[in-house]
Amino acid sequence: MAIKILWADDEIDLLKPHILFLEAKGYELTTVNSGLDAIEEVEKTRFDVIFLDENMPGLSGLETLNRIKEAMTDVPVVMITKSEEEYIMEEAIGSKIADYLIKPVNPNQILLSIKKIIDNRRLVSEKTAQGYQQDFRNISMTFMDELDFEAWKQVYRKLVYWDLEISSAKEQGMEEVLIAQKEEANNNWSSFIRRNYLDFVNHRNPKAPMLSNELMGRKVIPHIDGETPVVFLLIDCLRYDQWKVIQPVLSEYFTMDEEDLYMSILPTTTQYCRNSIFSGLMPSEIEKRFPNMWSNDEDEGGKNNFELDFLTNYLNRTRKGTKLSYTKITNLEAGKNLVDTIPNLLKNDLSVIVYNFVDALSHARTDVSLMRELSEDEAAYRSVTLSWFQHSPLLDALKRISEKKVRLIITTDHGSVRVKDPIKIVGDKNTNTNLRYKQGKNLSYDRKEVYEIKKPEEGFLPKLHVSSAYVFADKANFFAYPNNYNYYVKYYRDTFQHGGISMEEMMIPIISMKGKG
């Protein structure tokens, strides 16, 4: 089907060579010599592109543009003008034109503008597919090597990059290939963790990654100098790909000093990871040092109620005299209140903000069918996260922070993975309910399907009973009990879970930024 173009210019007869050139290229042209005639044509016909002369007698190009946009908001409009006055350009751009050309224009300029508009998606899609095809082999070849954590970070960054690019280009064929390659990557990541995790946490590997309990000491505390306030923002359950979609929003207000990935400890849950971050200790060390503050899986009540106490103790152990504030945001009203308290927060050396929305989103997606429809896959999940962030009090608070001389450090405690394949497991009534890890005594499972830590003390994990063990689901697996098995599997398949072993859960962002204000 031919591309339909409307061209409005009071000197349209002088543009006959341009018209013939475009028609020879297969485009279907309708020409008018006034703004009013252009509006009449738009009311009758659906055009793919509209060219508007800015300086027409009667209804000007800008007035015509506004009238057309009222009727058809999505039609691409190219403004053509003799004037290079800035206010005209600003008004046209503010009216969301697709392109802006200065007279005299030649036929090739017009053709290029059409191609940018009409063929942009196709060209981007083709270029994206070509680029990923070239990188696909390179990524696959890396799996043949013995990768360390630094190499794994590069692999994961590439996979997230192509995930975002292919989703944006809507290249469905490449999307299926990428999904398969991410599955292959997670298979290899699981093997990497099984071989190395206990060596990492016991400091037996010189190339061990930075872990949860080392984060504050290596990435936050060194920036506390008594002069520039440090704001440490922890967004619970934020995946690296979710960070990459909100990053462009923040880049308008902040300059980035550093973006890195660190590795979450196991289990990848708030109870273990976040308590470890704020205490600078591994879970079993927290239990030993603070027996009244650590809650085991079998205990009732909240599992992370003493983050401020842990952090205060940590700062007292590592540096003296730090003026500290701690704020946890769990609902919209608290988020709105945060915005008003920013001036007071910035009077501290270190202000910690814990924001719980993304974790709540993952749980809501499991339990609320509408949320599951709104975030059907990873791309939709990212989109919902971005939409929330753009309209959240958190962004308003960060805008205020950006106006001051402040260092902003953003991170998370763990990510999440979209689960697909069930693993049968049997445990007693005290076994925890998490779908990605199980902790308890007398657990029954297929050892080939899980990563097990038979001796919790080796993984710096609390040991509740003599026969206690920890088992972790990896890749896209999740635990299911034999009772009501089919119902259980159907309910939880394709939900986002955390607690186990995957790149998405364990390789998580840490970002350092400064405000532009």
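Student: Which side chain of opposite charge is nearest to E504, and how far away is it?
Tutor: That's R239, at 5.2 Å. This is a predicted model, by the way. E504 is buried and has no salt bridge; the cut-off for one is 4 Å between a side-chain nitrogen and a carboxyl oxygen.

Student: OK, what does the side chain of E504 make a polar contact with?
Tutor: With the side chain of N186, at 3.0 Å. Setting aside neighbours within four places in sequence, E504 is also in contact with Y156, R239, G415, S416 and V417, as well as N186 itself.

Student: And where is E504 found?
Tutor: In helix α20, which covers residues 503–506.

Student: What about E505, which salt bridge does it form?
Tutor: E505 pairs with R436, and their closest N and O atoms are 2.5 Å apart. That pair links distant parts of the chain: R436 lies in the loop between β12 and β13, E505 in helix α20, and they are 69 residues apart.

Student: Are R436 and E505 buried or exposed?
Tutor: Both are buried.

Student: How many salt bridges are there in the structure?
Tutor: The structure holds 31. One of them joins R195 and E146, with the closest N and O atoms 3.2 Å apart. R195 sits in helix α8 and E146 in the loop between α6 and α7, 49 residues apart, so to speak two distant parts of the chain.

Student: Is E146 buried or exposed?
Tutor: E146 is exposed, with a relative accessible area of 63%. R195 counts as partly exposed because its relative accessibility is 46%.

Student: Switching to strands. Why is β6 described as largely enclosed?
Tutor: Six of its six residues, 230–235, are buried, so the rest of the structure largely encloses β6.

Student: Which residues are on each side of β6?
Tutor: V230, F232 and L234 are on one side, with V231, L233 and I235 on the other, and all of these are buried. In a regular strand, side chains alternate between the two faces of the sheet.

Student: Which strands is β6 joined to?
Tutor: β9, residues 350–355, is joined to β6 by six bridges, and the two run parallel. β10, residues 407–411, is joined to β6 by five bridges, also running parallel.

Student: What stands opposite F232 in β9, and what in β10?
Tutor: In β9 it's V352, and in β10 it's I409.

Student: New topic: S212. Where is it?
Tutor: S212 is in the loop between α8 and α9. S212 counts as buried because its relative accessibility is 0%.

Student: What does the side chain of S212 reach?
Tutor: The backbone nitrogen of I265, at 3.2 Å. Not counting residues up to four places away in sequence, S212 touches Y262, M263, S264, I265, C273, S276 and I277.

Student: Last thing, the whole chain. How many helices and strands does it have?
Tutor: 20 helices and 19 strands. The C-alpha atoms fill a box of roughly 90 × 50 × 40 Å along the principal axes, and buried residues make up 54% of the 517 in the chain.

Student: And what share of the contacts join residues at least 24 apart?
Tutor: 75%, among contacts between residues at least 6 apart in sequence.

Key
Residues numbered from 1 in each chain as written. Predicted model: local features only at pLDDT ≥ 70, side-chain atom pairs only at ≥ 80, totals over all residues. Heavy atoms only, no water. Buried < 20%, exposed > 50% of the residue type's maximum accessible area, 1.4 Å probe, protein only. Helix = DSSP H or I, 4+ residues; strand = E, 2+ residues; numbered from the N terminus. Pairing = 2+ DSSP bridges. Lys, Arg positive; Asp, Glu negative; His and termini not counted. Polar contact = N/O pair within 3.5 Å; in protein donor to acceptor, adjacent residues only side chain to side chain. Contact = heavy atoms within 4.5 Å.
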